[in-house]
Amino acid sequence: MLRPASFKLVSVVALIVLLTFVVMNAENTPAIKYDKSAEVKVKGTIDDVITAPDSTVHITLKSDKGSLDVVIGPEKFLKAMEVSYSKGDAVEILGSKVVVDGNAIMVAREVTRNGEVLCARDPRGEPVWVGWIK
């Protein structure tokens with residue numbers, strides 16, 4: 001049987017573990033919000049594919065309007081969907097143009113290549129991988 005002092009210690013340790021879990025999950029939550037009102041389609045050619053330090057896959061899309069950084073989603077998500085992109089791929093992106101840290105980027109909802117569509121976000125712009133990609 002736990003004594004009151006032991007119970008307090010166990011409660012404090014459990015609270016610390018819970019707060020650590022909450023903070024770690026908050027850090028893994030995407031900071032970029034999808035803006036449905038800023039949704040557009042852009043066609044172009046992939047100039048570069050980059051996996052950021054947070055394991056998020058970005059492509060640099062070259063279109064007739066210039067280059068654009070496009071955020072696709074977590075590397076694990078793309079692997080689970082058995083999708084990869086390469087320099088030179090012609091794609092059409094349906095996504096939301098947003099500004100992050102003063103830089104214009106696009107958050108992809110759908111990526112179409114050769115008639116195949118990767119749905120990275122639902123129609124509201126919510127990531128489809130939340131809850132199943134660890």
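## R113 in strand β5

R113 sits in strand β5, residues 103-113. Strands here are DSSP E runs of at least two residues, and helices are H or I runs of at least four, numbered from the N terminus. The R113 side chain makes a polar contact with the side chain of D89 at 3.0 Å. A polar contact is a pair of N or O atoms within 3.5 Å; within protein, one must be able to donate a hydrogen and the other to accept it, and residues adjacent in sequence count only if both atoms are side-chain atoms. Beyond its neighbours within four places in sequence, R113 contacts V83, S84, Y85, D89, A90 and V91. Contact means heavy atoms within 4.5 Å.

This is a predicted model: local features need pLDDT of at least 70, side-chain atom pairs count only at pLDDT 80 or more, and totals for chains, interfaces and linings use all residues. Residues are numbered from 1 along each chain as its sequence is written, and side-chain values use heavy atoms, with hydrogens and water left out.

β5 and β6 pair antiparallel over four bridges. Pairing requires at least two DSSP bridges between the strands. V111 stands opposite L118 in β6. Two residues lie between the strands of this hairpin, and N114 takes a positive phi near 55 degrees.

## V91 and the cores

V91 lies in strand β4, residues 90-100. V91 is buried, at 5% relative accessible area. Buried means under 20%, exposed over 50%, and partly exposed in between, using a 1.4 Å probe and protein chains only. V91 and I46 are 45 residues apart in sequence, yet 7.2 Å apart in space, C-alpha to C-alpha. Contacts of V91 beyond four places in sequence include I46, I59, L61, V111 and R113.

The largest nonpolar core has 20 residues; V70, I72, L78, I93, V111 and L118 touch the most other members. β1 (39-51), β2 (56-63), β3 (66-74), α2 (75-80), β4 and β5 each give this core two or more residues. A second, separate core of five residues includes Y34, V71, I105 and V107. A nonpolar core is a set of buried Ala, Val, Leu, Ile, Met, Phe, Trp, Tyr and Cys residues joined through side-chain atoms within 4.5 Å.

## R121 after β6

R121 is found in the segment after β6 (116-119). The R121 side chain reaches the backbone oxygen of G125 at 2.8 Å.
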